[in-house]
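Dear colleague,

Please find the structure below, together with its sequence. My notes on the contacts between its chains follow.

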4 protein chains.
Amino acid sequence: MEEIIKKLRKFAAERDWDQFHSPKNLAMALSVEVAELLEHFQWLTEAESRELAPETLGKVREEIGDVQLYLARLADQLGISPLEAALEKLEINRKKYPVDKARGKATKLT
Amino acid sequence: MEEIIKKLRKFAAERDWDQFHSPKNLAMALSVEVAELLEHFQWLTEAESRELAPETLGKVREEIGDVQLYLARLADQLGISPLEAALEKLEINRKKYPVDKARGKATKLT
Amino acid sequence: MEEIIKKLRKFAAERDWDQFHSPKNLAMALSVEVAELLEHFQWLTEAESRELAPETLGKVREEIGDVQLYLARLADQLGISPLEAALEKLEINRKKYPVDKARGKATKLT
Amino acid sequence: MEEIIKKLRKFAAERDWDQFHSPKNLAMALSVEVAELLEHFQWLTEAESRELAPETLGKVREEIGDVQLYLARLADQLGISPLEAALEKLEINRKKYPVDKARGKATKLT
């Protein structure tokens, strides 16, 4: 993750893109990338989505890469570590969805 | 990241949630979490988004955590490493947006 | 639709909200409202989504109302009629997806 | 709106697409279309978004058309009138955001 964040800083600096990378804009761009990921799944059944064709899987992998890049970049602009934030949120979720109450129910993960 | 993925597997298994965690559903949930992040920025100016109040920053941090959790979980269900996918995509982007052509232009990062 | 648009103009003017209603911000808000709609469907099977419980249907109806409001407001700020734009786009889609080629295939509607 | 809804029914029936048009899938597709709209605004300043170039405006108009089409189609599959739902939600919002409290504050429209 640290390598990704450093490379993203260099990538933006070389292209003079910090001016566009406000958290507001990066959150929008993240949202657009997630939709490009979603697009691959919109007409598939759930079962089909569990067994993607190799070509689709390759495209989905690229979109997951894009989403991770924008998320890391947005977090970095706000001084946040995405992995630490994730681990802390998982602890919150653990308390929010106790095993005995959440078992087998389609409630939100987070 | 490996710790997050292992904990998410345990989290879902304990709650019998694998049945709901098809890639299709997880991509939808990821999209919903990104919108909860976006919500904090929708009425802010770009300048305001660069200087969030501590309380807002705390909430944004939680949402970034959620987005990272769902992204990791989705990637894991597809056998993809999100960090490797990100590094590979960054190389693709580097070629797609050469410094001399992309400099100072508000084109897409990815 | 004209009634909606006029009421939205009055609604925003009374609250001095035109300053926040740039097309950029309204597009973000539209995206957030659509995610609130999506949230109701994320863990349902497709079959379940075709037979919503009355309470869920009521909430979904409110979210559809919100999405329509933001879409109308965004279109109005850009001088666009959403219904005319829809009818024209439907003609484009008709040519893009000829019946003989598109029949029974899960391609995009638009 | 009635014309749009009737044409969409015919459009889907001719292509045998009702099988794909579960509310769950249509909500996903709506979300993808909104992101295609959002994409045009992500790197613009708010001021720029108020004065789009004619070419961009034309593309934005098409995306607004697509969003309206999917929204109408989704609502129809659920037996909901999007315009009635919007008018009713506007009344709810009027009470939720009384003029004296909401004036000049960047709270949510809905």
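By what turn and what shift along the axis can chain C be laid on chain B? Chain C can be laid on chain B by a turn of 180 degrees and a shift of 0.0 Å along the axis, with an RMSD of 0.0 Å. For this, the copies are superposed by least squares on the C-alpha atoms of residues with pLDDT of at least 70 in both. The two copies are therefore related as by a two-fold rotation axis. Of the residues of chain C, Ala35(C) comes closest to that axis, at 3.1 Å (C-alpha).

Please note that this is a predicted model, in which local features need pLDDT of at least 70 and side-chain atom pairs count only at pLDDT 80 or more, while totals for chains, interfaces and linings use all residues. Residues are numbered from 1 along each chain as its sequence is written, chains are lettered from A and ligands numbered from 1 in the order in which they are written, and side-chain values use heavy atoms, with hydrogens and water left out.

The interface of chain C and chain B

Here 18 residues of chain C are in contact (heavy atoms within 4.5 Å) with 18 residues of chain B. The buried area, meaning the accessible area (1.4 Å probe) that two parts lose on being put together, summed over both, is about 1500 Å², and carbon and sulfur atoms give 69% of it. Helix α2 (residues 23-39) of chain C gives the most to the side that touches chain B, with 11 residues; helices here are DSSP runs (H or I, at least four residues), numbered from the N terminus. A salt bridge requires a side-chain nitrogen of Lys or Arg within 4 Å of a carboxyl oxygen of Asp or Glu, and the count between chain C and chain B is 0.

The interface of chain B and chain A

In this interface, 79 residues of chain B are in contact with 79 residues of chain A. Chain B and chain A bury about 7000 Å² between them, with 66% of it on carbon and sulfur atoms. The rule finds 6 salt bridges across this interface. A salt bridge joins the side chains of Glu84(A) and Arg61(B), at 3.9 Å from N to O. Among the elements of chain B that touch chain A, α4(B) provides the largest share, 15 residues.

Yours sincerely

Note on methods
Helix = DSSP H or I, 4+ residues; strand = E, 2+ residues; numbered from the N terminus.
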